Amino acid sequence: MLKEWGRIGCIGFGGPPTHIALLRKLCVQRQKWLSDQEFEDAIAACNLLPGPASTQLAIFTAWRVRGRAGALVGGLAFIVPGLVVILALAALFLTGSPPAWVRGAGAGAGAAVAAVAVHAGVGLIPAGWRRAAGTGRIRWILYVVAGIASAATLGPWLVLVLLGCGVIELTVHRARRGEAGTALLAVPAQSWAAAVAGAGVFASVAWVALKVGMLSYGGGFVIIPLMQDDAVNTYHWMSAGQFLNAVALGQITPGPVVQTVAVVGYAAAGLAGGILASLVAFTPSFLFILFGAKHFDRLRGNPNVRAFLDGAAPAAVGAILGSAIPLALSLTQAWQYAVLAGAAILLIVLRRGVVTTILAAAGAGVVLALAGVLLPS
């Protein structure tokens, strides 16, 4: 298990689609540990949970094969390779005075991030649209619009909009069934009473990472506006340009987009902060699987949970699309917008991969830096 899940952790470039394909090939096709139906059920169950879905799928499949010990070993083997790589790159890109070519690579890769967010959101639209039906499609559109607007304007309050859309859809569902009572009772409670005030930078890093680990439903880009507001505006650990670099690093390294939080932790408190941020962000995923996996079948069959997600999911898609707005506004150089346009063409028109696109954007930044073009500080 250490070998197989570790191999996926090392070569899993390209985000959740790649992770799912590699896990399917290992668990279903090659080793036959799970049937096709069991694997599809595992994907569906993990998509019901907050947190990075592909990471939870890696932990869940390991749990199915070797129980809780397997979940711990497989999950860590999947996460650690990407963590090592992204912390090494953070040390390079966030050093006090990196060479011009490094700054150029970061500025170029960061310029492409907004296009990657749009690409990720667009890819989720068809499946959600098919699930919506009849008048439900009108609400689906409204939830998407609410997600876009909140991601573009509300920053850390985005999560309230996601929860609100879920509660609205759940209320509609319960009203149609003639059920009384508040819809909020059917939503799993999340504790927000973390006492972090005055506890120092490490407590702040842990609090930001906990929110990232608990709220990244629908894809890692959902929590980008929240993470950006905390890292850049609230705690001033990073500049807007450095945050773009962090998101780009999360895209070109193996592992989930949520790994970006390790770069934020590194900027706040060095290597210890990066490790702490990753540890806290991924802990909820392990706990969900270790103590809740046996209840997944019942969770999937719960109509109230399904109704809540029917509202929250399109809002999450909208939030992913809307995250492109603050990311694009963080660009400081005219040439970066040209790189952004090129990245959008590569991703959406020419259908190139995310890693290829970001590396091409980074290469463009290096060329411009070597040519003496002014770069952001």
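Predicted model: local features only at pLDDT ≥ 70, side-chain atom pairs only at ≥ 80, totals over all residues.

Reader: What makes Arg7 and Glu4 a salt bridge?

Author: The closest N and O atoms of Arg7 and Glu4 are 3.5 Å apart. The cut-off is within 4 Å, so the pair counts. Both residues lie in helix 1 (residues 2–11), 3 residues apart, about one turn of the helix.

Reader: Why is Glu4 called buried, but Arg7 partly exposed?

Author: Buried means under 20% relative accessible area, exposed over 50%, and partly exposed in between. Glu4 has 11%, so Glu4 is buried. Arg7 has 33%, so Arg7 is partly exposed.

Reader: How do you know that Arg30 and Glu4 meet in a salt bridge?

Author: Their N to O distance is 3.0 Å. That value is within 4 Å, so the label holds. This pair links distant parts of the chain, with Arg30 in helix 2 (residues 16–30) and Glu4 in helix 1, 26 residues apart. Arg30 has a relative accessible area of 40%, so Arg30 is partly exposed.

Reader: What makes Asp230 and Lys211 a salt bridge, and why are they called buried?

Author: The closest N and O atoms of Asp230 and Lys211 are 2.9 Å apart. The limit is 4 Å, so this pair passes. The partners sit in distant parts of the chain: Asp230 in helix 10 (residues 224–234) and Lys211 in helix 9 (residues 201–215). Asp230 is at 4%, so Asp230 counts as buried. Lys211 is at 11%, so Lys211 is buried. Elsewhere, Glu4, Arg7 and Arg30 form one network, joined by salt bridges that share partners. The structure holds 5 salt bridges.

Reader: Why is Ser330 called buried?

Author: Ser330 has a relative accessible area of 11%, so Ser330 is buried. Ser330 is found in the loop between helix 15 (324–329) and helix 16. Ser330 and Ala240 are 90 residues apart in sequence and 5.6 Å apart in space, C-alpha to C-alpha.

Reader: What makes the lining of the second largest cavity nonpolar?

Author: The lining has 7 nonpolar, no polar and no charged residues. Among them are Leu158, Val159 and Ile223. Helix 8 (residues 158–176) gives the largest share, 3 residues. The volume of this cavity is about 30 Å³.

Technical notes:
Residues numbered from 1 in each chain as written. Heavy atoms only, no water. 1 Å grid on protein atoms, 1.4 Å probe; cavity = no way out; pocket = protein on both sides within 12 Å on 5 of 7 lines; lining within 4 Å. Points joined across faces, edges and corners; volume = space filled by probe spheres on them. Helix = DSSP H or I, 4+ residues; strand = E, 2+ residues; numbered from the N terminus. Nonpolar A, V, L, I, M, F, W, Y, C, P; charged D, E, K, R; others polar. Buried < 20%, exposed > 50% of the residue type's maximum accessible area, 1.4 Å probe, protein only. Salt bridge = Lys/Arg side-chain N within 4 Å of Asp/Glu carboxyl O.
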